[in-house]
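The following note sets out numbered points on the model for a colleague's review. Each point takes up one topic and gives the criteria behind the terms used.

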Amino acid sequence: MRSQTPPSGLPFMKMHGLGNDFVVLDHREGGVAVTSDLATALADRHRGVGFDQLAVITDTGESDGHLTFWNADGSPSATCGNATRCIAQYLMAEKGVTHVTLSTANGNHLARDLGGIVSVNMGPPSLEWQQIPLAREMDTLELPLPGTPTATSMGNPHCTFFVEDAEAVDLTTEGPRFEHDPLFPQRTNVQFASLIGPDRLRMRVWERGTGITLASGSSSCATAVAAARRGITGRAVEIVLDGGTLQIDWNDQGVWMTGPTAHVFDGIWHG
């Protein structure tokens, strides 16, 4: 990794949304090429910096910033909702504005500063089997797996189980079991959710390529969409995660996600 790191070190920012933590590289004016090996070295919580996802900001001239994401295992991801919110807040503060548009592999996302919290439009969900993708044609509302979960894509694949008590689920066993199920050729994020009040869900998540996280923005969006499709909730719901609460609103514009962000510290990694 040292050969990929500039002699002066690699500047980075540490951010989190509800404890879902990120290393952010601002490469709008250039920077080292990020590889899978570099991502996994940075992700190491003992020898690197540590993160759930890595986000790289570049300048394409077509938005306020283009975001590229990597999971902790070095695999790429098309989207990351909480990181998008965190970076949107950083760019809005830098520019002195109350909204920005960020581009990703999953399209453009409008983000707004709502006064201490940030809302981002994650775009419309994809609900067809080939869009998620699944290994073969089937109804995505109830998959032929134990527990009949619902499949959704928010730019990355999601598999949502509705259970009586999300707290009772052994995520360390059930998460990887379904992440690597042959039904998901690109693996999947896995959520377990329980209804705890009107339009209020308790959700725990196993993220593809990372493992258990305190929160997940795209998983929260997918869970809200799945719950509405199954008639468990309406389209505007509160998702209670291990790290805090997100508000999700699936409307004609897309799936809006709203919650707090934190810019924890800046540093230089020497590899």
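1. A disulfide is counted here as a pair of cysteine sulfur atoms within 2.5 Å. By this criterion, a search of the whole structure finds zero disulfides. The sulfur of Cys86 has its closest cysteine sulfur in Cys80, at 8.4 Å, which is too far for a bond. For Cys221 the closest cysteine sulfur also belongs to Cys80, at 11 Å, again too far for a bond. Cys86 is buried at 4% relative accessibility, and Cys221 is buried at 0%. Buried denotes under 20% relative accessible area, exposed over 50%, and partly exposed the range in between, with a 1.4 Å probe and protein chains only.

2. On provenance, this is a predicted model, in which local features need pLDDT of at least 70 and side-chain atom pairs count only at pLDDT 80 or more, whereas totals for chains, interfaces and linings use all residues. Residues are numbered from 1 along each chain as its sequence is written, and side-chain values use heavy atoms, with hydrogens and water left out.

3. Strand 2 (residues 20-26) deserves attention. Helices (H or I, at least four residues) and strands (E, at least two) are DSSP runs, numbered from the N terminus. Six of the seven residues of strand 2 are buried, so this strand is largely enclosed by the rest of the structure. Strand 2 pairs with strand 1 (residues 10-17) in the antiparallel sense over five bridges; pairing requires that DSSP find at least two bridges between two strands. Within strand 2, Phe22 is the bridge partner of Met15. Two residues separate strands 1 and 2 in a hairpin, and Leu18 in the turn has a positive phi of about 60°.

4. Strand 2 also runs parallel to strand 3 (residues 53-58), to which five bridges join it. Asp26 stands opposite Ile57 in strand 3. Together with helix 1 (residues 36-43), strands 2 and 3 make a right-handed β-α-β unit. Right-handed means that, with the strands pointing away from the viewer, the path from the first strand over the helix to the second runs clockwise.

5. How many salt bridges does a search of the whole structure find? There are 13 salt bridges, each defined as a side-chain nitrogen of Lys or Arg within 4 Å of a carboxyl oxygen of Asp or Glu. One of them joins Asp21 to Arg45, with the closest N and O atoms 2.9 Å apart. Asp21 lies in strand 2 and Arg45 in the loop between helix 1 and strand 3, so the pair ties together parts that are 24 residues apart in sequence. Asp21 is buried at 9% relative accessibility, whereas Arg45 is partly exposed at 47%.

6. Arg45 also forms a salt bridge with Asp52 (3.2 Å, N to O), and Asp52 is buried at 6% relative accessible area. Through shared partners, salt bridges join Lys14, Asp21, Arg45 and Asp52 into one network.

7. A further salt bridge links Glu94 and Arg28, whose closest N and O atoms are 2.8 Å apart. Glu94 lies in helix 2 (residues 81-95) and Arg28 in the loop between strand 2 and helix 1, so the pair ties together parts that are 66 residues apart in sequence. Glu94 is partly exposed, with a relative accessible area of 44%.

8. The largest nonpolar core has 42 residues, of which Val24, Ile87 and Ile248 touch the most other members. Such a core is a set of buried Ala, Val, Leu, Ile, Met, Phe, Trp, Tyr and Cys residues joined through side-chain atoms within 4.5 Å.
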